[in-house]
Amino acid sequence: MPWWKDSVAYQIYPRSFQDTNGDGIGDLPGIRLRLPLLRDLGIGILWLSPVYASPNDDNGYDISDYRSIHPDFGTMEDMRALIRDAQSMGIRIIMDLVINHTSDEHPWFQASRDPDSPYRDYYIWKPGKNGGPPNNWTGFFAGSTWDKDDRSGTYYLHLFSRKQPDLNYRNPKVLAEVLDIMRFWLDMGISGFRCDVINVLFKSSLEDGRKKLILTGSEHYLSQEGTHELLRRMRSEVWSRYDCFTVGETVFVSPKQGRDLCDPSRGELDMIFSFEHMETDQFFVKWFKRRFRPANFGRALAAWQTGLAWNANYFENHDQPRSITRFGNDQAYHKESGKMLALLLLSLRGTPFIYQGQEIGMTNYAFRDIREVKDVESLRINAFLRAKGVPTRIRMRLIRTAGRDTARTPMQWNREKNAGFTTGNPWLLVNPDYTRVNYEDQLKDPESILFFYRSMIALRRSNTTLKDGSFLLRQAGHRVFSFDRVKDSEKLTVLVNFSAARVKAMHSGSVMISTYGRDIYDGVLLPYEGIILRNEVASL
Ligand code: TEU
Ligand code: CA
């Protein structure tokens with residue numbers, strides 16, 4: 001089994017992890033400082049959200065120099081030291097590869113503004129039409145995907161913010177540049193890439209799109225054949241020549257399209273982050289939330305567990321609300337539901353990804369005022385809706401339920417000021433519940449969510465059925481989600497209760513682990529209980 005199937009991964013959003021120089025911003029020395037905690041957690045892979053030079057329009061997802069470290073985070077020597085320290089603890093580092101777009105402050109883009117520049121075709125420039133943008137496309141952050149550059153009087157494409165111009169993959173020089181960037185980091189000793197929004201690289205056409213509620217025009221760039229060809233080139237020319245793996249962030253894909261992106265026979269990605277399970281509590285777009293329904297969540301998880309040979313499993317990241325608030329109960333059953341989600345995530349087939357703070361049950365923060373909000377996506381949506389006359393209280397409610405800042409509040413290390421994240425002024429407010437939810441308290445509590453993550457990770461790493469067994473859905477009910485994992489003669493039955501009720505769920509078997517520490521199972525799940533029962537079966 002390759003190491004990237006055998007490990008548990010952990011995502012760090014460096015800006016919010018640990019500050020060591022008092023500027024209120026997390027940094028690389030801060031990550032080095034906390035590495036032993038990740039070793040003790042049982043982490044084998046560390047995904048860093050971008051730490052490259054960037055004007056921080058999208059907090060690093062707008063890169064202005066791919067071969068440098070943003071001074072906020074430290075130096076290239078700090079990066080080399082982090083890689084070394086991690087390797088000494090058996091932890092491999094993967095970097096965030098953001099290659100659909102660069103920052104508009106990247107030298108390539110600045111040069112491309114001159115129509116005669118050799119860099120002109122690194123980006124997608126078009127004349128306007130009827131006094132407006134070249135087509136009717138709308139972007140991920142609301143509004144048109146085109147901005148006019150006065151210098152040449154033409155428009156450039158940006159699926160995200162106007163400071164994130166899309167690269168033009170019809171130009172072979174762009175792929176060549178990107179392959180070099182990958183080699184640079186792999187030669188530095190990293191072990192792979194999380195590939196940002198990777199299935200939109202190739203735009204098959206720039207014609208008008210069918211009008212849609214969101215992303216008008218996306219039929220011209222979602223998972224196009226041109227993107228598959230690019231991924232095959234990346235694998236054959238770079239990835240296949242290093243001991244590395246790739247996980248693609250792929251938006252709006254079905255299990256079938258997911259297979260086309262990461263089935264081993266395809267020679268493209270090794271695995272993908274899909275979104276279906278993260279969209280079961282919303283109407284169309286994430287801004288229109290609806291009640292969480294465990295049955296829908298379970299069905300979506302099962303569809304991907306059986307639809308792909310291997311998944312990248314996650315319940316949180318730097319773009320998503322906190323899972324204990326969203327799928328659990330972060331008040332009356334904080335500890336119970338945090339452990340239940342840990343057991344579920346670590347029982348699924350695929351590489352588990354844990355997001356910073358998830359291991360202690362960090363919760364959503366209810367942003368009160370737009371001045372507390374920093375994320376470009378939320379600020380653009382707010383401006384877009386305000387221009388449409390939507391009242392402040394409605395806009396703030398949308399941002400509270402679906403904005404990305406709630407995932408980016410600083411790590412809560414202890415009960416000290418700013419939760420021990422910084423001695424300065426944090427770049428984003430610290431969730432006031434840090435006196436209730438913090439690492440230090442949980443390190444002292446053997447019944448804590450943190451300790452349960454440690455136990456569950458250790459169990460998974462020691463059990464081949466959990467890592468490599470087949471997945472068979474048993475029940476995706478409105479309170480109980482259950483499934484079997486089978487390998488050779490071992491059958492593990494996983495049952496999780498998404499409710500505060502005691503729920504009858506008859507099943508035999510010896511208790512392998514229970515979030516309540518039970519060693520006998522009486523057929524009734526306790527509130528938010530997760531349990532794994534073991535049976536020997538005749539080899540299938
Ligand atoms: O996100 C891609 C993407 O689709 C996002 O719009 C995401 O789905 C949305 O924010 C969910 O609320 C990636 C990165 O994860 C994100 O942080 C960047 O802003 C984006 O690409 C542009 O690089
Ligand atoms: Ca700092």
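This is a predicted model: local features need pLDDT of at least 70, side-chain atom pairs count only at pLDDT 80 or more; totals for chains, interfaces and linings use all residues.
Residues are numbered from 1 along each chain as its sequence is written, chains are lettered from A and ligands numbered from 1 in the order in which they are written, and side-chain values use heavy atoms, with hydrogens and water left out.

Are Asp19 and Asn21 buried or exposed? Asp19 counts as buried because its relative accessibility is 6%, whereas Asn21, at 51%, counts as exposed; buried means under 20% relative accessible area, exposed over 50%, and partly exposed in between, with a 1.4 Å probe and protein chains only.

Another residue to look at is Asn56, which is found in the loop between strand 3 (52-53) and strand 4 (65-69). Helices (H or I, at least four residues) and strands (E, at least two) are DSSP runs, numbered from the N terminus. Asn56 counts as buried, with 18% relative accessibility, and, leaving aside residues up to four places away in sequence, Asn56 touches Arg15, Asp62, His70 and Asp72, where contact means heavy atoms within 4.5 Å.

Next, the charged pairs. Side chains of opposite charge can pair when their charged atoms come close. In this structure there are 47 salt bridges, each being a side-chain nitrogen of Lys or Arg within 4 Å of a carboxyl oxygen of Asp or Glu. One of them joins Arg194 and Asp96, with the closest N and O atoms 2.8 Å apart. This pair links distant parts of the chain, since Arg194 sits in strand 9 (residues 192-195) and Asp96 in strand 5 (residues 92-97), 98 residues apart, and both Arg194 and Asp96 are buried. A salt bridge also forms between Arg371 and Asp369, again with 2.8 Å between the closest N and O atoms; here Arg371 is exposed, with a relative accessible area of 69%, and Asp369 is partly exposed, at 25%. Salt bridges that share partners also join Asp58, Lys286, Asp319, Asp375, Glu377, Arg404 and Arg408 into one network.

Five strands make an open sheet in the order 16-17-18-22-20, with antiparallel pairing, and two strands pair if DSSP finds at least two bridges between them. Which strands lie at the edges? They are strand 16 (470-476) and strand 20 (510-514), each of which pairs on one side only. Strand 16 is joined to strand 17 (residues 480-487) by six bridges, the two running antiparallel, and Leu472 stands opposite Asp484 in strand 17. Helix 10 (residues 334-345) lies across strand 17, strand 18 (490-497), strand 20 and strand 22 (530-536), and runs at about 145° to strand 18; axes are lines fitted to C-alpha atoms, for helices over the stretch in contact, and angles run from 0 to 180 degrees between N-to-C directions. Helix 14 (residues 449-462) packs on the sheet as well, touching strand 20 and strand 22, and its direction makes about 130° with that of strand 20.

Finally, the aromatic rings, of which a search of the whole structure finds 33 pairs. Rings of Phe, Tyr and Trp (its six-membered ring) pair if their centres lie within 6.5 Å, and planes under 30 degrees apart count as stacked, over 60 as edge-to-face and the rest as tilted. Phe273 and Tyr314 form an edge-to-face pair, 5.2 Å centre to centre, with 75° between the planes. Phe273 lies in strand 11 and Tyr314 in strand 14 (residues 312-314), so the pair ties together parts that are 41 residues apart in sequence. Both Phe273 and Tyr314 are buried.
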